[in-house]
Amino acid sequence: MPEKRQMHLGQQLTRAGRWSRAGITSGPAALWLGIFLALPLAAILAISFLTRGEYGGVELPFTFDSYKRLAGFGELGFDSLYPVVLGRSLALGMATAVLCLAAALPLAFFIARLSEKYKGAALTLVVIPFWTNLLIRTYAWQILFSPNRWLTVAAHSLGIGTAGEALYPGTLAVLTGMVCDFLPFMVLPLYASVEKMDWTLAEAAADLGADRWRVFRHALLPQIWPGLGAGFILVFLPATGQFVIPDLLGGAKTAMLGNVIQQQFASSRDWPFGSAIAAVALLLVLVGLAIFQRKGSKHEVLP
Amino acid sequence: MRRPGWFLSAIAAGLYIFLYAPIVVIIVFSFNAARFGTVWEGFTTKWYGALLHDSAALSATKNTLLLALVSTGIATLLGSLLAFGLTRFDFPGRKIFDRVLYVPVFVPDIVLATSLLLFYSLVGSFIPALELGMTTMILGHVTFQISFVAIVVRARLAGLDPALEEAARDLGAGEWKTFLHVTLPLMLPGVLAGAMLAFTLSLDDFIVSFFTSGPGSTTLPILIYSSVKRGLTPDINALATLIILISVLATVSLTWLQKNKQDPHPKK
């Protein structure tokens with residue numbers, strides 16, 4: 001493995017020499033991330049256990065009130081608002097990932113099957129939106145979904161939405177914006193796997209009498225698992241924590257974790273509660289990432 | 001391998017239309033004569049002219065570029081050094097650091113942004129330089145850029161042939177000389193790719209900037225967001241079209257450069 005051989009170059013030094021060089025090279029970045037990443041995240045965790053001050057600041061004592069409120073047990077009895085927001089974020093994130101996967105699979109196979117001449121261009125066409133500002137691409141759907149645009153009229157004729165009204169804000173608009181914005185994140189890793197695929201396995205399976213579904217399931221799918229997993233995590237995690245898309249294309253009924261965090265810090269000025277929601281969002285991401293890294297390392301061991 | 005059939009091609013065409021519909025609609029509407037709303041009222045190029053006299057847009061452009069340049073410079077230096085250290089020297093806790101590196105990539109922007117805002121307001125009373133503004137935005141951008149740079153540079157370093165450095169050392173070059181004349185030129189394409197990524201991420205960032213900006217440090221994404229929120233968009237469409245155009249040009253020329261440049265040191 002090349003990485004082992006790279007490490008070997010440094011291994012010839014004494015332990016002190018290695019550590020001092022590690023300190024000089026990795027030290028500054030480690031210090032930076034310690035101050036501007038670890039400390040602020042620790043601060044958010046600490047503040048989530050404090051009480052909201054009278055003028056918007058924070059006060060003692062330590063409580064679990066913010067977390068109780070997030071779980072639905074507020075001062076005025078059970079309120080499903082925040083558990084619903086949490087569930088909605090996960091559901092929308094999952095739906096986005098599944099829809100992106102369904103769209104990215106044919107697209108990745110399409111690009112991989114093109115001749116070398118067109119492959120680069122087809123791939124660049126996927127990369128361009130990826131590099132284009134997300135805010136702009138999201139806001140564009142407001143225009144596309146506004147009343148009397150042909151897309152909106154077409155949707156109305158299919159029985160979606162109310163005639164004469166815009167298609168946003170709404171769950172459908174949020175989901176459309178999400179899939180459109182995150183699709184390249186799914187296509188790129190998936191394409192990398194499809195590109196490297198050994199097609200002779202599919203031929204062998206077909207020769208041995210497997211039908212098309214079984215060829216895909218047993219000969220092709222195992223080969224693209226790593227790309228599929230990477231794409232899924234690259235879409236699901238950021239989609240769950242999205243703020244801009246539900247903010248521009250959704251309303252109170254489609255509020256996600258990001259929107260309620262922003263509310264607490266901007267209008268409500270309830271830092272402890274905002275911090276508690278942020279801490280939960282962070283925990284979700286860290287757990288998701290840990291599961292993925294564990295799965296990923298298993299895949300590397302496989303031949 | 002079989003070429004794509006008509007069915008697969010049709011699905012792919014539909015998906016490309018889906019991906020480009022928002023981009024095309026912004027470009028089309030930047031030429032719309034209507035002042036308010038999203039109704040088409042005829043062709044005009046006046047919004048591009050109006051942009052030149054829009055002092056808010058001009059100062060936001062200046063802020064965006066300053067923020068992206070400074071933060072990319074710091075992040076590229078720190079991230080590249082980090083990548084080098086992580087691939088070359090074993091030290092206690094390296095494996096954990098290796099994993100922690102992915103945290104800023106996946107932490108939701110809104111969580112990073114609010115945690116920075118809290119942090120700045122907590123320590124800001126002791127350190128006046130941390131008053132919200134350009135400085136706090138730069139600090140925030142570097143924080144999410146470092147990881148991206150380090151991951152890209154590390155991929156490049158891992159693919160290098162150690163024999164080249166060993167040869168340099170065998171021929172009598174010192175450690176520093178080997179780094180300067182062998183390792184650095186070899187890792188440079190990775191460093192440039194990392195810097196490009198960091199620069200784009202900074203240009204695109206809205207949330208971290210939004211929460212850590214102060215009066216007078218408005219960037220283009222913040223300007224676009226507040227205009228969209230207020231429904232005042234005619235010259236914002238023109239502005240967005242220019243941004244899209246720059247992204248397209250940058251992507252296409254980078255791809256073209258990569259394709260046409262013969263890599264003298266192919267990856268192993």
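In chain B, 70% of the contacts with a separation of 6 or more are between residues 24 or more positions apart, a contact being defined by heavy atoms within 4.5 Å. The model is predicted, so that local features need pLDDT of at least 70 and side-chain atom pairs count only at pLDDT 80 or more, whereas totals for chains, interfaces and linings use all residues. Residues are numbered from 1 along each chain as its sequence is written, chains are lettered from A and ligands numbered from 1 in the order in which they are written, and side-chain values use heavy atoms, with hydrogens and water left out.

The secondary structure of chain B consists of twelve helices and zero strands, assigned as DSSP runs (helices, H or I, at least four residues; strands, E, at least two) and numbered from the N terminus. Of the 268 residues in chain B, 50% are buried, that is, under 20% relative accessible area with a 1.4 Å probe and protein chains only.

In chain A, A:Gln242 lies in the loop between α10 (212-240) and α11 (244-249) and is buried, with a relative accessible area of 11%. A polar atom of its side chain lies 3.2 Å from the backbone nitrogen of A:Val244, and the side chain of A:Gln242 also reaches the backbone nitrogen of A:Ile245 at 3.1 Å. When residues up to four places away in sequence are not counted, A:Gln242 touches A:Leu134, A:Met178, A:Phe182, A:Met256, A:Gly258 and A:Asn259.

Notes
A polar contact is a pair of N or O atoms within 3.5 Å; within protein, one must be able to donate a hydrogen and the other to accept it, and residues adjacent in sequence count only if both atoms are side-chain atoms.
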